[in-house]
Amino acid sequence: MVMIRKMIYENEPLTPEQIKQIEEADKKPIVFDDDCPELTEEQLREIAVMAAKQRAKRRNLYME
């Protein structure tokens, strides 16, 4: 499997190629494996809490 990374900048509109790539990726199924197992509802909730804390911390850092 090949992983391709692209930089997308917030203030720049997506190119037609980027839009096409996103649309194609959206059509593909999610494939879980040993390195990326499907998460339980409890695990997803824990990640959501951690993400919210990190966002709040970043906002506080930028406001100081």
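## Ground rules

We're looking at a predicted model, so local features need pLDDT of at least 70 and side-chain atom pairs count only at pLDDT 80 or more, while totals for chains, interfaces and linings use all residues. Residues are numbered from 1 along each chain as its sequence is written, and side-chain values use heavy atoms, with hydrogens and water left out.

## Overall shape

The chain has two helices and zero strands; helices (H or I, at least four residues) and strands (E, at least two) are DSSP runs, numbered from the N terminus. Its radius of gyration is 17 Å, well over the 11 Å that the globule rule gives for 64 residues, so the chain is more spread out than a compact globule. That radius is taken over C-alpha atoms, and the rule is 2.2 Å times the number of residues to the power 0.38. Along the principal axes, the C-alpha atoms fill a box of roughly 40 × 35 × 20 Å.

## Surface

The accessible surface comes to about 7000 Å², and carbon and sulfur atoms hold 57% of it. Areas come from the Shrake-Rupley method with a 1.4 Å probe; for residues, only the protein chains shown count as cover.

## Two salt bridges

The structure holds two salt bridges, each being a side-chain nitrogen of Lys or Arg within 4 Å of a carboxyl oxygen of Asp or Glu. Lysine 27 pairs with glutamate 24, their closest N and O atoms 3.4 Å apart. Both sit in helix 1 (residues 16-27), three residues apart, or about one turn. Lysine 27 is exposed at 63% relative accessible area, while glutamate 24 is partly exposed at 38%.

The other pair is arginine 45 with glutamate 42, with 3.2 Å between the closest N and O atoms. These two are also three residues apart, in helix 2 (residues 41-63), about one helical turn. Arginine 45 is partly exposed at 48%, and glutamate 42 is partly exposed at 42%.

## The largest pocket and Lysine 28

The largest pocket has a volume of about 520 Å³. Of its 14 lining residues, the closest to the centre are Val2, Met3, Ile4, Ala25 and Lys28. A pocket here is an open set of points on a 1 Å grid over the protein atoms alone, where a 1.4 Å probe fits, with protein on both sides within 12 Å along at least five of seven lines; lining residues have an atom within 4 Å of a point. Points are joined across faces, edges and corners, and the volume is the space filled by probe spheres set on them. The lining splits into nine nonpolar, two polar and three charged residues (Ala, Val, Leu, Ile, Met, Phe, Trp, Tyr, Cys and Pro are nonpolar, Asp, Glu, Lys and Arg charged, and the others, Gly among them, polar).

Lysine 28 lies in the loop between helix 1 and helix 2 and is exposed, at 60% relative accessible area. Its C-alpha atom is 20 Å from that of leucine 14, 14 residues away along the chain.

Technical notes: Buried < 20%, exposed > 50% of the residue type's maximum accessible area, 1.4 Å probe, protein only.
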